[in-house]
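Subject: Structure handover and findings

Dear colleague,

Please find below the structure that I am handing over to you. I would be grateful if you kept it open while reading the notes that come after it.

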Amino acid sequence: MGGVGEPGEGPAPPGAPLPTFRWEQIRQHNLPGDKWLVIERRVYDISRWAQRHPGGSRLIGHHGAEDATDAFRAFHQDLNFVRKFLQPLLIGELAPEEPSQDGPQDAQLVEDFRAIRQAAEDMELFEAKPAFFALLLGHILAMEVLAWLLVYLFGPGWVPSTLAALVLATSQAQCWCLQHDLGHTSVFRKSQWNHVAQQFVMGQLKGFSAHWWNFRHFQHHAKPNIFHKDPDVTVAPVFLLGESSVEYGKKKRRYLPYHRQHLYFFLIGPPLLTLVNFEVENLAYMLVCMQWTDLLWAASFYSRFFLCYAPFYGLPGALLLFVAVRVLESHWFVWITQMNHIPKEIGHEKHRDWASSQPLPHDAEAQLPQGGPAGQGTVCQARPQLRGEALPDCPGGHRWVTEEVWRRLAGSLPPPVRAAPRARLPPSWSRQTCPIRPPPHLA
């Protein structure tokens, strides 16, 4: 193996020993035009290639000078295919004495997280059921037809119009869920099928750009609740969340009556997010990024909507119905999404490992076991969010893990999972302190 490399050496020649780098060298390469990252202990120079990254330069750039192994695995389906594109960017590897993670990253937690995720993958817990998504799309289309039939059969009165608006808002809300899973390429095995289906749902059924959504949402998953990296929490100066409230207080900034933002939030956030913010941002993205296909899909939605309802209401009435649907839908969207942001830690980049960087309650540290053997209870923090999916919640804010996962982690049932005697949890697991609990019959 080669000696410790010098920054800026460029791609390693094929067949030559790979130079090694220390974290202190890698940390220097986190600038807009100079970015390195580490994947599976190999060092890559993505400075020039970042602009060609299919997920966008910002998404991959958020992991500059970090170990991006878990993010790399979470965002890509066919890892062997993607590794072919990484090969020309390879410039070296971590020195043998260097840890796989840098800074405040918990190596034991990373190991536990990867173990529980591998167990879930081996058990095919992330395999999608086509019938479920077919029914989801079918009931969305059925609600679109039902809303039109209400107005067609009963006329444009207040009662049928209100019912139609509620049905359409429900349909739009369900479209968010369906396109979300399609955007994460978690419905079909082929990525292209997911992309085409997402463009149909997002464009024809909602009037938005699929590329715009992915641009925002992938950054959210890469760096959740991090200012200027997660668009969902970068809302200052309208609202102050997390550490921004402290910063504004110290600098005496007062653009709005922030001590009353808990009141005016209900006048601005839920009613206007989808109707104003998303509509404007979506249109600007399609024009600036020249996403003409998405623009045509969005135009097909508006054409269909107004052709369906303008004959009953006229153009102003159809526009009012559209606004009502967007406002109702926006309330649902805000409550569903912000309940996963606001109650949890929001601040600046702290370069945590992948598992720790996923949103945790403010008192998460207090819920974790303190002391004891190394690694005791660390898997309790792990929240698998591969393609946006997480383990289901259980009462009391804890996390249920299936019996098979516990058996696999305990080493009592090698893959593939087959019938075996029930295994008890190791004594180091604590029912009282562990925020991930086993099924009752294993406890």
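Predicted model: local features only at pLDDT ≥ 70, side-chain atom pairs only at ≥ 80, totals over all residues.

Residues are numbered from 1 along each chain as its sequence is written, and side-chain values use heavy atoms, with hydrogens and water left out.

**Helix packing**

Two packed helices are described by the angle between their axes and the distance between the axes. Helices (H or I, at least four residues) and strands (E, at least two) are DSSP runs, numbered from the N terminus. Axes are lines fitted to C-alpha atoms, for helices over the stretch in contact, and angles run from 0 to 180 degrees between N-to-C directions. Angles under 35 degrees count as roughly parallel, over 145 as roughly antiparallel, 65 to 115 as roughly perpendicular and the rest as oblique. A crossing is left-handed if the near helix is turned anticlockwise from the far one by less than a right angle, and right-handed if clockwise.

Helix H7 (residues 158-183) and helix H8 (residues 191-204) have axes that come within 8 Å and cross at roughly 160°. H7 and H8 are therefore roughly antiparallel to each other, and their crossing is left-handed. On the H7 side, Cys-175, Trp-176, Leu-178, Gln-179, Leu-182 and Gly-183 make contact (heavy atoms within 4.5 Å); their partners in H8 are Asn-194, Ala-197, Gln-198, Val-201 and Met-202. This contact of H7 with H8 has 7 nonpolar, 4 polar and no charged residues. For these classes, Ala, Val, Leu, Ile, Met, Phe, Trp, Tyr, Cys and Pro count as nonpolar, Asp, Glu, Lys and Arg as charged, and the others, Gly among them, as polar.

Helix H12 (292-338) takes part in two further pairings that I describe here. With helix H6 (residues 130-154), H12 packs at an angle of about 15°, the axes being 10 Å apart. H6 and H12 are therefore roughly parallel to each other, and H6 passes H12 in a left-handed crossing. Glu-144, Ala-147, Trp-148, Val-151 and Tyr-152 in H6 meet Arg-304, Cys-308, Tyr-309, Phe-312 and Tyr-313 in H12. The residues of this contact divide into 8 nonpolar, no polar and 2 charged.

With helix H11 (residues 261-288), the angle of H12 is about 125° and the axes are 7 Å apart. That makes H11 oblique to H12. The crossing of H11 past H12 is right-handed, and the contact of these helices comprises 21 nonpolar, 4 polar and 4 charged residues.

**Cavities and a pocket**

Rolling a probe the size of a water molecule over the atoms shows where empty space is left. On a 1 Å grid over the protein atoms alone, a cavity is a set of points where a 1.4 Å probe fits but cannot get out, and a pocket is an open set with protein on both sides within 12 Å along at least five of seven lines; lining residues have an atom within 4 Å of a point. Grid points are joined across faces, edges and corners, and a volume is the space filled by probe spheres set on the points.

How many cavities of 30 Å³ or more does a search of the whole structure find? There are 2. The largest cavity holds about 90 Å³ of space. Its lining has 14 residues, and nearest the centre lie His-63, Asp-67, Arg-352, Asp-353 and Trp-354. By class, this lining has 4 nonpolar, 4 polar and 6 charged residues.

The second largest cavity has a volume of about 70 Å³. Among its lining residues are Glu-144, Leu-168, Gln-172 and Arg-304. H12 gives the most to this lining, with 6 residues.

The second largest pocket has a volume of about 1200 Å³. Of its 45 lining residues, His-53, Pro-54, Gly-55, Phe-75 and His-76 are the closest to the centre. H9 supplies the largest share of the lining, 6 residues.

**Two backbone points**

The peptide bond from Ala-236 to Pro-237 is cis, with omega near 5°. Pro-237 lies in the loop between H9 and helix H10 (243-250). Ala-65 has a positive phi of about 60° although it is not a glycine, and its place is in the loop between H2 and H3.

Yours sincerely
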